[in-house]
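Visitor: I would like a close look at one part of this structure. Please take me through it step by step, and then show me how other parts pack together.

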Amino acid sequence: MTRRELREQIFKLLFRVEFNNREEMPEQTEFFFEEEENQADVADTAYITDKLNRILEKLTEIDAALNEKVEGWDTGRMGKVDLTVLRLAVYEILFDEEIPTGVAINEAVELAKKFGQDSSSAFVNGVLAKFVQEDK
């Protein structure tokens, strides 16, 4: 799989957090990979699962960072797709040294275009820009 395809699979799995308890995620991950459209080779499955677990470990910190940056919104009010895209991107910006910030933002905007509403990509881009402004 390409990096974009891997990221999309991580996004789809992370989206399930909105509908399942975190304790159920190992089982949800198994169900995910059993679906024909989500099947992946052993290396890709390991990469996706590992990154998902690292994101889940930091989810409280990620949500706190989002709530701190976004004025007039909080994670409880955000659309589930937008929130999931933002969680993935914020993880990559703050905790994944292998992913350049610009790539994380660009990929998040692309995910928002593909899975979100018409305004999702602009919202995601605006929120993530606040993370970059702090670094300057």
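Guide: Start with the word helix. Here a helix is a DSSP run of H or I with at least four residues, and helices are numbered from the N terminus. Keep in mind that this is a predicted model.

Our part is helix α5, which covers residues 80-95. It holds 16 residues. From first C-alpha to last, α5 reaches 22 Å, close to the 22 Å expected at 1.5 Å a residue.

Now ask how much of α5 is hidden. A residue counts as buried when its relative accessible area is under 20%. In α5, 12 of the 16 residues pass that test, so the helix is largely enclosed by the rest of the structure.

What does α5 pack against? One partner is helix α4, residues 59-69. The two axes come within 10 Å and cross at roughly 100 degrees. Angles of 65 to 115 degrees count as roughly perpendicular, and α4 and α5 are therefore roughly perpendicular to each other. From α4, the contact uses L59, E61, I62, D63, A65 and L66. From α5 come L83, L86, R87, V90, Y91, L94 and F95. Sorted by class, this contact has 10 nonpolar residues, 3 charged and no polar.

Over 50% relative accessibility means exposed, and E68 counts as exposed at 63%. Look from E68 to M25: their C-alpha atoms are separated by 27 Å, and the two residues are 43 apart along the chain.

M25 leads us to helix α2, residues 25-34. There, M25, T29 and F33 meet T45, I48, T49, L52 and L56 of α3. This contact divides into 5 nonpolar residues, 3 polar and no charged. Helix α3 covers residues 42-57, and its axis lies 12 Å from that of α2. The packing angle is about 150 degrees. Angles over 145 count as roughly antiparallel, and α2 and α3 are therefore roughly antiparallel to each other. Their crossing is right-handed.

Another residue of α2 is Q28. Q28 is buried, with a relative accessible area of 13%. Leaving out residues up to four places away in sequence, Q28 touches L13, R16 and N20. Take R16: Q28 and R16 are 12 residues apart in sequence, and 7.6 Å apart from C-alpha to C-alpha.

Finish with helix α1, residues 3-15, and helix α6, residues 101-115. Their axes come within 11 Å and cross at roughly 60 degrees. This crossing is right-handed too. On the α1 side, R4, R7, E8, F11 and K12 make the contact. On the α6 side, the residues are V103, N106, E107, E110, L111, K114 and F115. By class, there are 7 charged residues, 4 nonpolar and 1 polar. Pick out E107 in α6. It counts as buried, at 12% relative accessibility. Setting aside residues up to four places away in sequence, E107 touches R4 and R7.

Methods:
Residues are numbered from 1 along each chain as its sequence is written. This is a predicted model: local features need pLDDT of at least 70, side-chain atom pairs count only at pLDDT 80 or more; totals for chains, interfaces and linings use all residues. Side-chain values use heavy atoms; hydrogens and water are left out. Helices (H or I, at least four residues) and strands (E, at least two) are DSSP runs, numbered from the N terminus. The expected span of a helix is 1.5 Å times one less than its number of residues. Buried means under 20% relative accessible area, exposed over 50%, partly exposed in between (1.4 Å probe, protein chains only). Axes are lines fitted to C-alpha atoms, for helices over the stretch in contact, and angles run from 0 to 180 degrees between N-to-C directions. Angles under 35 degrees count as roughly parallel, over 145 as roughly antiparallel, 65 to 115 as roughly perpendicular and the rest as oblique. A crossing is left-handed if the near helix is turned anticlockwise from the far one by less than a right angle, and right-handed if clockwise. Contact means heavy atoms within 4.5 Å. Ala, Val, Leu, Ile, Met, Phe, Trp, Tyr, Cys and Pro count as nonpolar, Asp, Glu, Lys and Arg as charged, and the others, Gly among them, as polar.
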